[in-house]
Each structure stands twice: as structure tokens, then as C-alpha cells.
Amino acid sequence: MSEKQVVSRHGSLMVYQDLLVATLPLLAMAVFLYGPRPALLWLAAVVTANLCDQLVAFLRHRPFDPLEFSNESFGAMLVLLLPASVSYYVVIVSVAVAVLVGKEAFGGLGCYPFHPTAVGYAVAAVSWPEQVFSFPQPGTWLPLVNAGSAGLIQSASYTLKNGGTPRIDTLNLMLGNYAGPMGATAVVILVACALLLAVRRRIQWDAALPFLAICFAIAWLFPRMGRVGLALPWVEAPVRLASVGYELCSGTILYTGIFMLSDPVILPRHRAARVAFGLTLGVASMLYRYYGSYETGVCFAMILVGSFASGFDRLHLRWLDRKEALNQ
Amino acid sequence: MTIEKARYWAENMTELSKNDRLWLNNPVIMQGVGLAPMVVAATSGYTALVLAVAVAVMLTPTRVGGAILRKALGEKYDRFAVLCYAFPAALCYIAAYFLVRHLWGPSALQQVGVYLPLLVFEPLIIRRYRAAVPEGPARALRRGLYTTVGYLVVLLGVGLARELLAQGSLMDVQLLDVQLFPLAAQPAGGFMLLGAVCAAWRGRVRAFKRNIYQEVERNK
Amino acid sequence: MSVILKALAEFVLYAVLAAFAQNAVLSRALGVSHLVRLVDDGATGNGAFCLLLTVVQVVAVPMCWGANQLLTPFAYRSAVRPLVFLLITTAACGLVWLVYWLALGKKQSDDAHKEMGALLATASFNSCVLGTMLIVTTQSLTLPQAIGFALGSGVGYYLAVVLVAEGQRRLRNRRIPMSFRGLPITLLYLGMLALAIYGFTGHTLLI
């Protein structure tokens with residue numbers, strides 16, 4: 001079976017092109033907030049991904065397809081998860097690992113068990129946490145070559161993790177005018193990207209909606225801010241609502257639901273299995289956020305839950321068989 | 001390679017591959033044994049060297065001891081198979097412990113942690129107990145030495161590579177100011193690096209074998 | 001009563017810790033050589049192997065905990081620990097075999113006995129079992145913690161087997177480059193799972 005046949009079993013190849021294009025509005029916002037450095041980082045990621053693609057084509061004696069944008073889309077999605085101050089070296093290494101180890105080693109397009117962007121981010125986060133979890137203040141134009149570590153601050157996720165309450169007003173939260181990953185903070189633009197992908201029928205709603213819904217529910221029922229404790233769900237509603245806002249917007253939850261869960265390769269094949277996958281991923285992501293060592297854990301959760309993706313399909317089929325047997 | 005040598009290799013490839021414990025049938029790369037100490041404990045040249053000394057002291061004597069015990073037990077061997085190898089391994093470990101302690105002091109033992117005593121049950125040391133065909137002590141000695149060399153080459157190579165990538169040094173001598181790939185110091189990085197080394201090594205072995213057969217075909 | 005509850009809480013906590021955050025295979029690579037071969041051999045027997053491993057561990061760990069207390073005054077206890085633990089593992093293995101023989105022995109054929117014996121030997125004299133005993137003693141866990149850790153370690157081993165077996169469909173994909181097929185891709189797969197676990201613990205475990 002060719003690469004294109006494998007991917008077409010999961011979905012169209014055009015999904016990667018659309019994902020790559022959808023990163024551009026977020027990149028534009030990042031350039032507005034931090035200067036041209038994000039654009040250079042994005043370019044470094046895309047070029048690295050492209051070169052890795054060409055290298056693999058050469059090593060595997062296959063023709064290089066310049067119109068296949070999967071690697072470039074993974075690189076673009078990965079760089080937008082990182083701060084604008086991250087070094088070029090970190091971007092290049094994490095994109096190379098994402099593409100070569102996360103995707104090509106497992107057979108290439110349509111065959112990878114884990115989302116390559118999640119793999120690349122996890123490698124970067126574990127290897128260089130001081131760079132990945134320190135963010136520049138929006139509005140400060142960063143030097144093109146060496147951003148340095150001066151003037152870097154912690155994100156709202158870090159504040160939540162340490163029991164604090166972030167103080168970001170709603171407008172800034174919507175526009176991404178606060179310290180965070182360069183592509184994951186501007187909610188308005190994320191929603192616009194989601195609409196673009198929805199119109200192109202790229203968003204896998206049966207996984208994304210349960211994922212976001214369970215994250216919403218956990219953030220509402222068990223907020224990390226305020227002294228809500230185990231109060232009834234409708235008590236302290238403003239605090240709960242603020243908690244939902246920060247949990248979904250300050251990390252990479254929304255970004256994952258829109259971009260990374262649009263890749264049909266990593267998802268189970270049956271609808272019910274995808275719903276279960278989305279719910280499980282949501283629970284795992286929030287557990288990582290609440291109890292894990294890093295302030296954002298959705299990429300780690302994606303690797304863990306992704307290893308069981310085909311298991312969801314099997315369980316679903318077993319349940320169908322049992323239902324059929326009962327009906328007979 | 002001369003055509004005669006190529007023909008000899010092509011005709012005896014299976015046997016030669018099986019006996020070559022360094023390159024064509026390396027215990028780590030081809031057989032997947034001895035992974036735990038390599039992935040978790042061998043994070044630098046120094047810890048790899050400590051483990052290497054222990055393996056060198058334990059592997060061959062255990063194999064020879066197991067071969068002798070198997071011969072002595074005869075038909076009763078099946079009941080005590082694993083113990084025939086595990087007991088010599090546990091005794092050899094005592095020697096390895098004192099040697100490591102003498103060479104590098106108690107800090108070396110702390111650095112490798114439980115992965116030194118873990119060698120007693122490590123398949124690299126004791127898996128011969130499962131073999132259906134017994135081997136004599138002389139053959140056990142020869143095979144043990146070859147396997148030891150094969151394992152040590154990979155162990156030291158991986159340890160040095162991990163130290164260079166994670167810390168930019170080799171045997172504590174700082175060579176680089178930057179950390180090329182800090183994940184290499186973690187078990188996750190150890191798994192990935194070893195996987196990559198295995199793939200590259202196996203690819204090279206496949207290419208070597210393919211070239212031999214092509215050379216013979218060309219000169220038929 | 002509170003002492004019992006506290007012991008129970010410690011047991012459960014350490015069991016959960018050993019199964020997930022300090023997973024024997026993914027965090028410490030214990031028993032990984034066996035796991036790679038086990039998964040290659042197919043799904044049959046995975047559950048039985050892991051069950052035997054867990055039972056032997058749970059039986060052996062209290063004995064090794066007690067033995068460690070007796071060894072404490074001995075200056076070179078670290079040198080003889082593996083030998084002592086080998087004897088304990090042999091005893092635990094024998095005990096499990098005795099229970100099996102009494103419960104099911106007479107109903108099974110000779111071939112089944114032989115197969116069970118081979119499986120029990122592999123499950124008992126396994127670096128996961130020895131590793132668990134060593135960790136429990138070197139990290140000075142209390143008895144309830146040690147037993148919980150042993151149980152969790154066995155469960156964690158089984159979880160790792162399930163995860164890798166689950167990934168086999170992708171790991172046996174014909175489109176994987178030839179050089180990566182088999183052991184290399186399994187190691188990369190384990191590396192990624194280990195990365196996911198590391199993302200939770202965030203630090204290197206004491207070895």
C-alpha cells in the first residue's frame with residue numbers, strides 16, 4: 001500500500017496543507033507581539049522539516065514529493081507551541097526528532113502511532129525546560145539571533161500550578177496579550193483557525209469536542225484557583241468560570257483540540273472509539289496539568305493515550321459484537 | 001574483499017554470523033540482551049566503564065560455571081537449569097563488587113545503583129540456561145569471551161555517546177560548552193539512542209551481507 | 001486501627017506509584033529484554049507470565065525485606081545481597097510451584113507441567129523481580145510500602161506489556177524501514193512511552 005493510500009484510509013492528504021496554512025494567522029499574531037523572530041523560528045522549523053523529508057526520501061530511495069506538507073505542518077505546529085525566545089537550535093533539534101523519530105522511523109505518512117508534534121514538544125520540554133517554559137513579555141520585540149534569558153517570565157499555567165491566581169483580563173486573554181507559547185495564546189485567532197479548518201472539514205469533532213468538554217468539566221468542577229474545595233458545582237461560579245478560561249486558554253489545550261486532534265492518523269477509526277479517545281485524552285491532559293511536573297502536559301498525555309488508540313477501536317468492536325449477540 | 005573470501009562468506013554466512021558476537025551477531029544489537037543497565041545506568045563513559053568491568057568479571061565465569069554444573073547434573077539439569085547459571089553469577093558478582101570498589105571506591109557503586117547487582121539476573125549473563133544443546137567448558141569460555149567483547153563495545157560506545165550528547169564531555173573531560181541533547185541522560189533518551197544505534201548497526205550489517213551476495217553473483 | 005489504616009494507605013500509594021510513575025519497565029527498564037521477547041512471541045502467555053511475575057514478587061519481597069533487616073549489621077551486605085535474594089527467589093518460586101501443584105497439578109498433563117515450570121522459572125529469575133527487591137531494600141521502604149511496591153511493580157510490568165503489545169500492529173507495519181524493524185523500533189516506542197511517564201514525574205528516579 002502506498003503512502004497516499006494509507007493516509008487516504010485515515011483521511012485526505014490535504015489536511016496537512018490546511019494545517020500548515022492555518023498556522024499562518026497565529027504566526028502573524030506572534031510577529032505582531034514579539035517582532036520578526038517568530039517568523040524566523042517558523043521558517044527554521046519548516047525548512048528543517050523539509051530537509052528531513054528530502055533526507056528520508058534519499059535514504060529510502062523514494063522520490064521526494066514537494067507537494068506533500070505533512071512534515072512541514074508538524075514543524076509549524078511544533079514551533080507555535082514554543083516561546084518566541086526559544087533558541088533556533090532547540091527548534092531544529094525538536095523538529096528533526098519529531099519528523100525522523102516520531103514519524104519516519106515508524107514508516108512515514110499514515111503509520112506513526114504518536115503525533116510527531118507531541119513527540120517533538122515532549123523532547124524539547126524535557127531537554128530544555130528552562131527555554132520551553134520561560135516566556136517573553138508580549139510587546140517586547142526580541143533580537144533576531146540571540147534572545148537571551150533576560151526579561152523572561154513565567155506563564156499563567158505556572159501561576160496556576162503553584163496555587164496562584166493569574167491576573168489577565170478577558171481582552172488580553174482573548175488576544176493572546178500575555179506570556180505563553182507564541183501560537184497558543186490568542187484565543188480569537190485560534191477560534192478563527194478552527195473555523196477555517198471546520199469549513200475545510202479537517203477538524204475531527206468526534207475527538208475534539210469530547211476532549212475540550214471534559215477539560216472544561218474538570219476545570220469547572222475542580223478549579224485550582226480560589227478556595228472552592230469540594231463545593232457544589234454551582235457554588236463560586238465566577239471563580240469556576242475564570243478557572244475554565246485560564247485552564248483552556250493559558251496552556252495548549254485549545255491548540256491541541258483544534259490542530260493536533262485534526263490529524264486522523266493518530267485517532268481511532270470508529271466514531272465511538274474517537275469519543276472515548278477524546279475523553280481519555282482530556283482526563284489525562286488535566287491530570288498532567290494538575291499533578292505532573294510540567295505546567296503543560298497535553299503533549300505527554302497525547303503520547304500516552306495515543307499508544308492505546310487501536311485499543312479503543314478493539315474495545316468498541318468487542319462491545320458491538322456483544323450487543324449483536326445479545327440482540328440475537 | 002577478494003572473490004574467494006566473498007564466496008566463503010556467502011557459503012557459510014549463517015555459521016559465521018552466529019559466531020561473530022562483535023559485529024554480525026552482537027548480543028545487544030541482534031539479540032536484545034543486556035538492555036537495562038545500558039539504558040538507565042550507562043549515562044556516561046565512567047558508569048559504562050564500571051558496568052563493563054563487572055560484566056567482564058561475571059559473564060564468562062558464569063557461563064563456564066554453568067556449563068560445568070550442567071555436565072555434572074546430567075539428566076537432572078532441567079529441574080535446576082536457571083540455578084546452574086544464577087548461582088555462579090551471584091558468586092561472581094561478589095568478586096565484581098569488590099573489584100569495582102577497589103578500583104573506584106563506594107561512589108562508583110552508588111552511581112550505577114541497583115544495575116550492578118541486577119546483572120546477576122540479567123539475560124546477558126544467565127540466559128544460556130534456556131539453551132537446549134549443552135556446551136562444554138572450553139566452548140563456554142570462548143563464547144563467553146566473545147560475547148563479553150561484543151557487549152562491552154556497545155556499552156562503552158553508548159555510554160560515551162550519551163555523555164557527549166548530554167553533558168558535552170567524554171570521561172569527565174569537558175569538550176563542548178553546550179548540551180547537544182540533554183534527553184540522552186534520561187532512560188527515555190537511552191531507549192531512543194539505543195534504538196537508533198541498533199537500526200544503524202543492523203542496516204550496516206544488512207548492507208554488508210547484501211554486498212557479499214552481490215559480489216558472488218557478479219562473479220558467477 | 002489507625003496504624004492499620006496508615007499501613008493500608010501506604011500500601012496503596014506505593015502500589016499506584018510503582019505501577020505508573022515509577023513503572024518498572026518505562027522508568028527503570030527492568031525486565032525490558034524479556035518484555036521485548038515476550039511481545040515478539042505473541043499475545044498468548046503474556047497475562048500468565050505477568051501474573052506469575054507479580055505473585056513471585058509479592059511472595060519474595062516480604063522475605064527479602066526481613067533478610068535485609070538481618071543483613072544490616074553486616075559490613076559487606078551489598079556484596080552478598082544478590083546471593084541472598086537469589087535464595088529467596090528460589091524459595092518464592094518453590095512456594096508458588098507448590099501452590100500450583102496442590103491446586104491444579106493433578107489435572108494437568110506432563111507437557112503442561114513442563115511449560116508451567118519453564119514459564120515460572122523465567123518469570124521468577126527475571127531482572128524485574130530482582131530489581132524490585134533491590135529497590136525495596138536500598139530505598140529503605142517499610143514492609144507495607146515494600147509489598148505495595150512489589151504489587152504495583154508487577155502490575156506496571158503488565159501495563160507496559162499491554163501498551164507495547166497494543167502498539168504491535170503499528171510496530172509490525174511493513175512500511176517501517178528494514179533496519180528499524182523488530183528491536184530498534186520497539187526501543188524507540190518504549191523510549192516515547194518512557195518520555196510520557198517522565199513528563200509526569202519530571203525527575204530521574206533514584207537507581
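A nonpolar core is a set of buried Ala, Val, Leu, Ile, Met, Phe, Trp, Tyr and Cys residues joined through C-beta atoms within 7 Å. In this predicted model, the largest such core has 248 residues. The residues with the most contacts inside this core are Ala122(A), Ile303(A), Leu51(B), Met58(B), Ala86(B) and Val120(B). When residues up to four places away in sequence are left out, Ile303(A) touches Phe114(A), Ala118(A), Val119(A) and Ala122(A), together with Met192(C), Leu195(C) and Ala196(C).

The interface between chains C and B was examined next. Here 41 residues of chain C are in contact with 40 residues of chain B. On the chain C side, two or more residues each come from helix H2 (32-40), helix H4 (77-104), helix H6 (127-138) and helix H9 (183-201). H9(C) gives the most to this side, with ten residues. By class, the chain C side comprises 26 nonpolar, twelve polar and three charged residues.

Within chain B, helix H4 (residues 45-73) packs against helix H5 (residues 81-104) at an angle of about 155 degrees, and their axes are 8 Å apart. H4(B) is therefore roughly antiparallel to H5(B), as angles over 145 degrees count as such. The crossing of the two helices, H4(B) and H5(B), is right-handed. Residues of H4(B) in this contact include Val50(B), Met58(B), Gly65(B), Gly66(B) and Arg70(B), while those of H5(B) include Cys84(B), Pro88(B), Ala96(B), Leu99(B) and Trp104(B). The contact of H4(B) with H5(B) has 20 nonpolar, three polar and one charged residues. Met58(B), one of the H4(B) residues that meet H5(B), is also among those with the most contacts inside the largest nonpolar core.

Technical notes. Residues are numbered from 1 along each chain as its sequence is written. Chains are lettered from A and ligands numbered from 1 in the order in which they are written. This is a predicted model: local features need pLDDT of at least 70, side-chain atom pairs count only at pLDDT 80 or more; totals for chains, interfaces and linings use all residues. Two residues are in contact if their C-beta atoms, placed from the backbone, lie within 7 Å. Helices (H or I, at least four residues) and strands (E, at least two) are DSSP runs, numbered from the N terminus. Ala, Val, Leu, Ile, Met, Phe, Trp, Tyr, Cys and Pro count as nonpolar, Asp, Glu, Lys and Arg as charged, and the others, Gly among them, as polar. Axes are lines fitted to C-alpha atoms, for helices over the stretch in contact, and angles run from 0 to 180 degrees between N-to-C directions. Angles under 35 degrees count as roughly parallel, over 145 as roughly antiparallel, 65 to 115 as roughly perpendicular and the rest as oblique. A crossing is left-handed if the near helix is turned anticlockwise from the far one by less than a right angle, and right-handed if clockwise. A residue is buried if 20 or more other C-beta atoms lie within 10 Å of its own, exposed if 12 or fewer, and partly exposed in between; C-beta atoms are placed from the backbone.
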